[in-house]
Amino acid sequence: MEEIKQKLLDMQKSILADLESDRDRSKTAISGDIGDDIDYANEDRNRELYQLLCERDQIKLEQIREALDAIEDKTYGVCEDCGAKIGKKRLIALPFTKLCIECKNEEERTKGIGKMPEITTSYTGSDTGEL
Ligand SMILES: [Zn+2]
């Protein structure tokens with residue numbers, strides 16, 4: 001568990017460092033990541049993007065904090081859905097996951113079906129026998 005905790009702390013540190021350095025630069029500095037051909041007309045757009053990135057970092061920080069809290073509470077690595085222990089490999093790959101692989105697969109499967117149009121409802125069936 002120390003391994004994961006250390007990883008989370010490292011992530012937290014690097015995000016905080018990123019946020020700090022971003023703040024030090026001008027708000028349009030973000031354009032450096034997109035390309036140099038962006039003119040000043042796009043400044044507002046850049047600012048929006050900057051805020052979006054910050055928001056994403058904030059969410060990540062929040063997730064890291066939650067995970068660290070869970071480690072402290074000894075609830076970390078337990079599936080929220082079925083209560084099974086989440087594999088260490090999975091946790092290292094996805095430190096914020098709250099579902100075990102089975103529940104995650106199940107969730108994705110359910111979502112996938114939900115998105116599909118219900119083409120079978122109009123089918124009244126014929127006399128192919130009782131099921
Ligand atoms: Zn589960």
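This is a predicted model: local features need pLDDT of at least 70, side-chain atom pairs count only at pLDDT 80 or more; totals for chains, interfaces and linings use all residues.
1. The expected span of a helix is 1.5 Å times one less than its number of residues. H3 covers residues 43-73, which makes 31 residues. From its first C-alpha to its last, H3 reaches 45 Å, close to the 45 Å expected.

2. H1 runs over residues 2-24 and holds 23 residues. The reach of H1 from first C-alpha to last is 33 Å, close to the expected 33 Å.

3. As to the overall composition, the protein has five helices and zero strands. Read from the N terminus, the order of its elements is α-α-α-α-α. Of the 131 residues of the protein, 8% count as buried.

4. H1 is hardly covered, for the count of buried residues among its 23 residues is one. In H3, the buried residues are Asn46, Ile64 and Ala67.

5. How do H1 and H3 pack, in terms of angle and axes? Two packed helices are described by the angle between their axes and by the distance between the axes. For H1 and H3 the angle is about 155 degrees, and the axes are 10 Å apart. Angles over 145 degrees count as roughly antiparallel, and H1 and H3 are therefore roughly antiparallel to each other. The crossing of H1 and H3 is left-handed.

6. The residues that make this contact can be listed for each helix. H1 contributes Lys5, Leu8, Met11, Gln12, Ile15, Asp18 and Leu19. H3 contributes Cys54, Asp57, Lys60, Leu61, Ile64, Ala67, Leu68 and Ile71. By class, the contact of H1 with H3 comprises 10 nonpolar residues, one polar residue and four charged residues. Ile64 and Ala67, which take part in the contact, are also among the buried residues of H3.

7. Leu19 lies in helix H1. Leaving aside residues up to four places away in sequence, Leu19 touches Cys54 and Asp57. Leu19 and Cys54 are 35 residues apart in sequence, and their C-alpha atoms are 7.3 Å apart in space. Is Leu19 buried, partly exposed or exposed? A residue is buried with 20 or more C-beta neighbours within 10 Å and exposed with 12 or fewer; Leu19 has 15 inside 10 Å, so Leu19 counts as partly exposed.

8. H3 is followed by Lys74, which lies in the loop between H3 and helix H4 (88-93). Most residues other than glycine have a negative phi. Lys74 has a positive phi of about 65 degrees although it is not a glycine. Lys74 counts as exposed because it has 9 C-beta neighbours inside 10 Å.

Definitions and conventions: Residues are numbered from 1 along each chain as its sequence is written. Helices (H or I, at least four residues) and strands (E, at least two) are DSSP runs, numbered from the N terminus. Two residues are in contact if their C-beta atoms, placed from the backbone, lie within 7 Å. Axes are lines fitted to C-alpha atoms, for helices over the stretch in contact, and angles run from 0 to 180 degrees between N-to-C directions. Angles under 35 degrees count as roughly parallel, over 145 as roughly antiparallel, 65 to 115 as roughly perpendicular and the rest as oblique. A crossing is left-handed if the near helix is turned anticlockwise from the far one by less than a right angle, and right-handed if clockwise. Ala, Val, Leu, Ile, Met, Phe, Trp, Tyr, Cys and Pro count as nonpolar, Asp, Glu, Lys and Arg as charged, and the others, Gly among them, as polar.
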